[in-house]
Amino acid sequence: MIKFDAFNANEIPVWGEYDVVVVGGGMAGTGAALAAGRAGAKTILIENTSALGGLATMGIVNIPLDFCSGLGNELFDRLTAINGLRKRNSNPEKHKLVFDQMIKEAGVEVLLVTPLVDTIVDGNVVKGIVIHTKEGNRAIFGKRFVDASGDSDLVYFAGGEVEVGRDEDHMSMGCSLEFVLGGVNYQEYASSELRLKDPKWIKFLEKAIAEGKIPDIDNHLNWMTVVPDRPENCGMDEVSICFAHSRNCFPTKNDDLTRMYIEGREQCHILAKFIKENIPGFENSFLCYTGSLLGVRESRRIVGEYRFTGMDIAYGREFDDVIAISHHGFDLHGFTKSGNLKWFKGTMPDGEEAYIANIAGWGSQLPPDDGIKRVHMTELVDMSKQYYYDIPYRALVPVRLENVLAAGRNISTDVPGQSGTRLVMCCMAMGEAAGTACALSLQDDVNVRNVDVGKLQRKLVENKCNIGQGFRKIPSLADGDYSDFMVEMKHGNG
Amino acid sequence: MANKIKYRVEGGCVVCMTCLYQCPVKAISLIEDVSAVIDSDKCVGCGRCYNNCQPEAIVPYEVEEWERKL
């Protein structure tokens with residue numbers, strides 16, 4: 001290894017000084033930057049790719065599921081106004097546009113195509129970051145930092161505690177490259193027997209794989225959404241599809257990332273051909289493009305004050321320091337082989353090991369038949385009530401660093417827990433909470449660990465965030481009446 | 001008073017459960033792993049499930065006059 005000293009902060013020209021520095025411009029990072037900017041903090045947002053929105057736009061994951069919270073609700077309102085939303089499917093291009101406008105209005109500075117290369121750290125305090133620009137490396141100094149990089153790059157570079165992948169071999173779950181097909185007659189597909197009787201193509205694919213028509217990329221269709229704002233009902237629909245999968249993934253290794261991009265593109269072309277030849281309504285379809293960002297579901301995560309677990313999802317746990325809620329159950333994509341695992345191996349409160357299944361069932365890859373007890377989540381939660389679980393503020397706070405918060409898919413969780421919290425809208429809600437918390441910690445002059453969570457929750461609720469106030473009493477909000485909140489939320493839950 | 005329009009799951013449900021959490025009257029349940037079903041007696045026709053169903057598996061239907069009086 002060559003000792004390279006050029007990153008010494010004294011030798012790097014300074015780009016600027018800010019109150020809040022957000023690294024990563026995905027759903028979480030954009031949420032954090034918007035929240036901090038609107039709260040009056042001087043904010044800068046660093047993004048590695050060419051647009052904001054991360055996987056929701058660049059990765060064509062235009063399927064914003066989960067509860068819509070403050071900024072998410074606003075995003076949906078704005079998308080609806082420009083015909084960029086169909087049910088819950090967004091148009092990725094309009095989504096980018098709306099984010100650009102929102103960021104500009106909030107007075108946040110953005111640097112696109114700007115990777116993070118290092119951090120400047122003093123003990124447990126991050127003083128600044130080093131970015132790579134066209135003119136060379138530059139330093140940005142800040143008071144509070146949000147790591148919304150997805151892979152905990154900032155915390156990792158700062159020497160903070162992190163973990164990668166699953167516990168036993170640090171492998172991450174399957175990664176997907178989404179693709180878009182044009183020239184689709186969606187009406188014909190929607191009324192076809194295949195869609196009505198086998199909507200996830202499970203039996204259909206089983207047969208096709210057995211006959212050798214298609215390699216075993218995955219044993220079911222993950223999702224297909226109609227892209228809004230296209231000519232409708234004339235055989236010119238556009239759909240985005242999540243199907244391609246790479247297995248045995250290590251997304252923090254660049255050689256493996258490259259492998260997955262190349263493999264993913266190859267798979268997308270095979271799938272587009274297969275779909276064109278075999279699926280009703282797709283006779284005239286063509287591959288428009290594949291995602292410019294690989295759908296990494298889970299990779300490096302911070303080690304935080306609280307490690308959110310699959311059991312928290314299984315029991316629908318509530319926390320007093322809730323900052324976001326979700327209802328998405330375990331949703332792990334096969335690590336080494338095809339299939340969707342809507343279950344995980346957990347330890348019940350009595351110490352016994354058990355395979356615990358999602359409310360929706362076991363998914364398309366069943367647990368091994370090894371005599372371990374099988375529990376269905378419906379036995380653990382009260383199904384007569386609204387099901388949801390809380391994401392605690394502590395899961396955003398790294399154990400040692402004093403002025404950094406994580407948001408998005410890299411918060412402190414185990415893998416089954418992460419498989420529920422990684423969804424688009426949930427990430428945005430976490431980002432909004434992290435940005436608001438940074439602004440609050442500056443106002444009160446405390447480090448992020450000591451932020452008054454009650455105050456943060458009241459601020460979030462003021463901004464129409466959904467932290468479960470419509471479902472239950474939260475201690476810090478005890479005097480308010482939020483019984484009508486879920487009715488007021490136009491795009492509500494879902 | 002019952003609404004004139006109600007909703008049912010016609011086919012193509014991918015069990016994402018969005019409607020399940022969306023329904024204000026808890027009219028929706030699951031046939032495990034297969035499909036969501038809407039209890040027509042409980043359905044108040046608010047349309048939240050329909051408006052949020054990604055695979056467009058939920059369709060509206062008109063409730064007959066005699067049925068509404070029941």
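How many residues does the contact take from chain B and from chain A? It takes 23 residues from chain B and 32 residues from chain A, where contact means heavy atoms within 4.5 Å. This is a predicted model, in which local features need pLDDT of at least 70 and side-chain atom pairs count only at pLDDT 80 or more, while totals for chains, interfaces and linings use all residues. Side-chain values use heavy atoms, without hydrogens and water, residues are numbered from 1 along each chain as its sequence is written, and chains are lettered from A and ligands numbered from 1 in the order in which they are written.

Between chain B and chain A, about 2,200 Å² is buried, with carbon and sulfur atoms giving 47%; buried area is the accessible area (1.4 Å probe) that two parts lose on being put together, summed over both. Y21(B), Q54(B) and E56(B) supply 33% of the area that chain B buries against chain A, more than any other three residues.

E56(B) also joins R86(A) through a side-chain salt bridge at 2.5 Å, N to O; the term requires a side-chain nitrogen of Lys or Arg within 4 Å of a carboxyl oxygen of Asp or Glu. The count between the two chains is 1 salt bridge.

Turning to chain A, S152(A) has a positive phi near 55 degrees, in a residue other than glycine. With 0% relative accessibility, S152(A) counts as buried, that is, under 20% relative accessible area, whereas exposed is over 50% and partly exposed in between (1.4 Å probe, protein chains only). D229(A), with phi near 65 degrees, is partly exposed at 32%.
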